[in-house]
Amino acid sequence: MDCLSPLVDSHGRQVRYLRLSVTDRCNLRCVYCRVDKTFIPHDRVLRYEEMERIVAVAVAAGVRKLRLTGGEPFVRRGFPDFLRRLRAAQPDVDLCLTSNGILLAPYAGLLRDLGVRVNLSLDTLRPQRFERITGRDLLPRVLASMDALLKAGVPLKLNAVALRGVNDDELPGFLDLARSRPLDVRFIEFMPMGDSTVWSGRSYWPATDILRAARELCGLTPLPPHADTDGPARMYALEGGMGRFGLITPLTHHFCAGCNRLRVTSDGRLRSCLFDDHEYRLAPILRAPRLSDETLLRVMRRATLRKPIGAHMLEKRQGAAAHKAMSAIGG
Ligand code: SAM
């Protein structure tokens, strides 16, 4: 596709980043992520070719970073081939992947060859606790994926959801990991997502407290923001460490002002904000024989223009900030 004029919202922010959920299905049942058990029927999930079309239009309109997420991307059949095709079609895009690591290890070499950067989600380094949080006794699989990615030289970030009373005693272990390995460890503030969210003030562990506790354990030097690779994370160098430590703070320091993202769910619903349930259905356009990429682009522009500034969405903290669970949106 030829270059198109950029996607710019009514606050002057240009969309450069697309997050695409390839499936809402997952092989884990994290307590804070998905509570109900209804999945999108297969025929409503976008085919890979339809996703490729969305990506091509977005890239032509200035998107430079693409993150594939889910559900768990590797549970969808044909996902590695989809990655290969995407990379062939989009050689210049910053291609990123978010995974729980359960099925990833055999693909570490492929991810390196395709130039994919990986975020692994890992909330605990303790096997029994892992099983309590995720419902599966599979921590060794995630650690094996982490090792395989590091061995292959894939740029790697570990993301842990910060949960008071659940993993707030594991800062030393996670800091050790970032000290001894060339990876980023980032704690993400727990967000009230989904109608059946387990949100409660008691499990909320604010970033300011995490930072204070981390500083008692080691020297941390703030690093200048690097929006392309760090996104909304605030990153710190660790004294004597190979890796870095970071915090993602949607609740205590709204990261919405600089948001440059659009999200597409696996059934083709375009969202301009994680916390805004207004969605634009792309599937009918993709599946209508006579509707062209121009129509797709027009809807992307409309969604971008309506992109909310965002931060106020989190003010309704007593309930969910969005009706959908993170597993349906893709984080
Ligand atoms: N299956 C993949 C994975 O585990 O990384 C991708 C999808 S998962 C929904 C993406 C990320 O969202 C994970 O890091 C998960 O921990 C995080 N997440 C889910 N629910 C959350 C919540 N309520 N607050 C903060 N992070 C959440």
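Q: How many residues does the largest nonpolar core have?
A: First, a word on the model: it is predicted, so local features need pLDDT of at least 70 and side-chain atom pairs count only at pLDDT 80 or more, while totals for chains, interfaces and linings use all residues. Residues are numbered from 1 along each chain as its sequence is written, and side-chain values use heavy atoms, with hydrogens and water left out. A nonpolar core is a set of buried Ala, Val, Leu, Ile, Met, Phe, Trp, Tyr and Cys residues joined through side-chain atoms within 4.5 Å, where buried means under 20% relative accessible area, exposed over 50% and partly exposed in between (1.4 Å probe, protein chains only). Leu-68, Leu-111, Val-118, Phe-187 and Phe-245 have the most contacts inside this core, and its residue count is 99.

Q: Which helix gives the largest share of this core?
A: Helices (H or I, at least four residues) and strands (E, at least two) are DSSP runs, numbered from the N terminus. The largest share is 7 residues, and they come from residues 48–60, which is helix H1.

Q: How are the rings of Phe-74 and Phe-79 arranged?
A: Rings of Phe, Tyr and Trp (its six-membered ring) pair if their centres lie within 6.5 Å; planes under 30 degrees apart count as stacked, over 60 as edge-to-face and the rest as tilted. Here the centres are 5.1 Å apart and the planes make an angle of 80°, so the pair is edge-to-face.

Q: What kind of aromatic pair do Phe-187 and Trp-205 form?
A: Phe-187 sits in strand S6 (residues 184–189), and Trp-205 is 18 residues away in the loop between S6 and helix H7 (207–217). Phe-187 is buried at 0% relative accessibility, and Trp-205 is buried at 3%. The ring centres are 5.7 Å apart and the planes meet at 75°, so the pair is edge-to-face.

Q: Which ring does Arg-76 lie over?
A: A charge sits over a ring if NZ of Lys or CZ of Arg is within 6 Å of the ring centre and within 35 degrees of the ring normal. One case is Lys-65, 4.5 Å from the ring centre of Tyr-17. For Arg-76 the distance to the ring centre is 4.0 Å, and the ring belongs to Tyr-48.

Q: How far is the polar side-chain atom of Ser-121 from an oxygen atom of the ligand?
A: A residue is near a molecule or strand if one of its heavy atoms lies within 4 Å of it. Around the ligand there are 15 residues, and Ser-121 is among the closest. For the side chain of Ser-121 and the ligand oxygen, the distance is 2.4 Å.

Q: Which strand holds Glu-279?
A: Contact means heavy atoms within 4.5 Å. Leaving aside neighbours within four places in sequence, Glu-279 touches several residues, including Thr-265 and Lys-324. Glu-279 itself belongs to residues 279–281, which form strand S12.

Note on methods: Polar contact = N/O pair within 3.5 Å; in protein donor to acceptor, adjacent residues only side chain to side chain.
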